[in-house]
Amino acid sequence: MSGETAKLSRMALAAMVVGSMVGAGIFSLPSVFARNTGPVGGLVAWAIAGTGMLTLAMVFQFLSRRRPDLDAGIFAYAKAGFGLYLGFLAALGYWTAACLGNVSYFVIFKGTLGAVLPFFGDGDTVAAVLVSSVLLWSTHFLILRGIRQAAGMNTVVTIAKVVPIAIFIVFAAFAVDLDVLRANIAEGLSGGGKGSLFEQVRNTMLVTVFVFLGVEGASVYSRYAKRREDVAVATIVGFLLVLALLVLVTMLSYGVLPRAELASLRNPSMAGVLRAAVGPWGSMLVSVGLMVSVAGAYLAWILLAAEVLRAAAGAGIMPSFLGRENRHGVPAAALWLSNGIVQLFLIVTLFTEDTFVLLKNMASSMSLIPYFFVAAFGLMLAVRGETYDGWSRRRKIELGLAVAATVYAAGLVYAGGFRYFVLSCVIYAPGTILFLISRREQRGNIFAPYEWPILLLVLVSCGIGVWAISTGNTAF
């Protein structure tokens, strides 16, 4: 970040939180939620997710104050608390989630255009992948020449993407049909073919993780804040604003269309809901808003993906070549690897069904390890009393926050289920080669004694994942 943008105001930090979180996910919520649950299950899911993610955001906040030395990225907490290999897995998981998120942006962007240009389909056709690839590498070479997203630009883009969402909320509220809402509530409570309320909520939890990715935005950039206390305020304000938008978009949609119709809407499903409420112009408004949102989020996250690799290389858990910068100050090797993986995943979308949902769930699953270790590291500090002066009131509060965040993160791992864990290991296992290269460079012990069982678990799970993919049996 240049000297001109080195110190960020409270508003700029809050815009980073909102800008990082509001991407493509919110525009698909009506149909994604409707496929899994009804209004009651949706409210329960948001209550759990909102509370859990708020505690996690607060853990980010107090860790940025108590351990300001750990500012290389959120994986730094895993490395400091649990060792090099788990720190590496956290970095790899967060980086992969960022790459998968960028693929999902391309898919939903082209899927939106597919409503008027049928050859784009749902964003996973050959034409869509070709055009996405051109956009990907065009942006790549611009970034290599030193293009950066300034904090002021992020603020403008954030406002531009929130305005159409706010318009959706206003018009959807006026279009709510209480009879439709009551019917959706009754169907959800009866199961509606989606299982018990507990199962409905569980199946919805990974969706909530995807739309909350980026909650750490202000904390990640805390070292650039004008005042440290601004980080906490920006995190809470940005989070609560996004949570309100997410809940309103989801719940109001249940009052506009029956659940079955919501579930069958093409992405972006917000467009279908607003079309039903006000006519064709509503669909156009949402589509334009999504394109602005996706464009801003894509640039932010592709830069973040490269930054994660650069920071991890600087911390000694990734090969050193990933930390090298070109003459424009861009981590070129990290950018090449990040966009290479995005390109690979774009090609994979040609062979998957319900591509956007799969990408969204995989990105959520890959983010669970870094989030879990952030919460666990906060819990470790509070229990041990490191950086605290006895059993103060603040220590007790932060201990409670860390306990709640750790339980929530562990619950998300359970909600994700075995399927996404083993699919994640298909990436973690071969990715471990990067860790081996970094350890060889530093001439240190490759694995600590307690890390060998972790490696074995990753390798076995990878084998199961590869078998499942090769046999087409990934629905276990």
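**Salt bridges, core and helix packing**

Student: Which side chains meet in a salt bridge at 2.7 Å, N to O?
Tutor: Those are the side chains of Asp179 and Arg182, which meet in a salt bridge with 2.7 Å from N to O. Please keep in mind that this is a predicted model, and the distance is computed from it.

Student: And where do Asp179 and Arg182 sit in the helix, I mean how many residues apart?
Tutor: Both belong to helix α8 (residues 178–190), and because they are 3 residues apart, they are separated by about one helical turn.

Student: Why does a spacing like that matter for which way residues point?
Tutor: An α-helix has 3.6 residues a turn, so residues three or four places apart point the same way.

Student: Is Asp179 buried or exposed? And what about Arg182?
Tutor: Asp179 has a relative accessible area of 52%, and because the cut-off for exposed is over 50%, Asp179 counts as exposed. Arg182, with a relative accessible area of 49%, is partly exposed.

Student: OK, how many salt bridges does a search of the whole structure find?
Tutor: The search finds 6 of them. Among them is one between Arg66 and Glu398, whose closest N and O atoms are 2.8 Å apart.

Student: Which helices do Arg66 and Glu398 lie in?
Tutor: Arg66 lies in helix α3 (residues 39–66) and Glu398 in helix α17 (residues 393–442), so this pair ties together parts of the chain that are 332 residues apart in sequence. Both Arg66 and Glu398 are buried.

Student: What else does Glu398 pair with?
Tutor: Glu398 also forms a salt bridge with Arg394, at 3.8 Å from N to O, and these two residues share helix α17, where they are 4 residues apart, about one turn of the helix. Taken together, Arg66, Arg394 and Glu398 are linked in a network of salt bridges.

Student: How accessible are Arg394 and Glu398?
Tutor: Arg394 has a relative accessible area of 47%, which makes it partly exposed, whereas Glu398 is at 4% and counts as buried.

Student: New topic. What is the protein built from, helices or strands?
Tutor: The protein has 18 helices and 0 strands. Of its 476 residues, 56% are buried.

Student: So what's in the largest nonpolar core?
Tutor: That core has 141 residues, and the members that touch the most other members are Ile26, Trp46, Phe88, Ile165, Phe168, Phe212 and Met318. The helix that gives the most to this core is α5 (residues 84–113), with 18 residues.

Student: Take Ile165 then, what is it in contact with?
Tutor: If we set aside its neighbours within four places in sequence, Ile165 is in contact with Val22, Ile26, Phe27, Leu245, Val249 and Met270.

Student: Which residues of α4 are buried?
Tutor: In helix α4 (residues 75–82), the buried residues are Phe75, Ala76, Tyr77, Ala78 and Phe82.

Student: Now packing. How do α3 and α9 sit against each other?
Tutor: Helix α3 and helix α9 (residues 197–212) pack at an angle of about 50°, and their axes are 9 Å apart. The two helices are therefore oblique to each other, and their crossing is right-handed. The contact includes Val44, Trp46 and Met53 from α3, and Val201, Met205 and Phe212 from α9.

Student: Which helix is Met366 in, and is Met366 buried or exposed?
Tutor: Met366 is in helix α16 (residues 355–384), and it is buried, with a relative accessible area of 0%. Beyond its neighbours within four places in sequence, its contacts include Gly93, Tyr94, Leu100, Ser424 and Tyr428.

Student: How far is Met366 from Ala97?
Tutor: They are 269 residues apart in sequence, yet their C-alpha atoms are 5.4 Å apart in space. Across the protein, residues 24 or more positions apart account for 82% of the contacts with a separation of 6 or more.

Notes: Residues are numbered from 1 along each chain as its sequence is written. This is a predicted model: local features need pLDDT of at least 70, side-chain atom pairs count only at pLDDT 80 or more; totals for chains, interfaces and linings use all residues. Side-chain values use heavy atoms; hydrogens and water are left out. A nonpolar core is a set of buried Ala, Val, Leu, Ile, Met, Phe, Trp, Tyr and Cys residues joined through side-chain atoms within 4.5 Å. Buried means under 20% relative accessible area, exposed over 50%, partly exposed in between (1.4 Å probe, protein chains only). Contact means heavy atoms within 4.5 Å. A salt bridge is a side-chain nitrogen of Lys or Arg within 4 Å of a carboxyl oxygen of Asp or Glu. Axes are lines fitted to C-alpha atoms, for helices over the stretch in contact, and angles run from 0 to 180 degrees between N-to-C directions. Angles under 35 degrees count as roughly parallel, over 145 as roughly antiparallel, 65 to 115 as roughly perpendicular and the rest as oblique. A crossing is left-handed if the near helix is turned anticlockwise from the far one by less than a right angle, and right-handed if clockwise.
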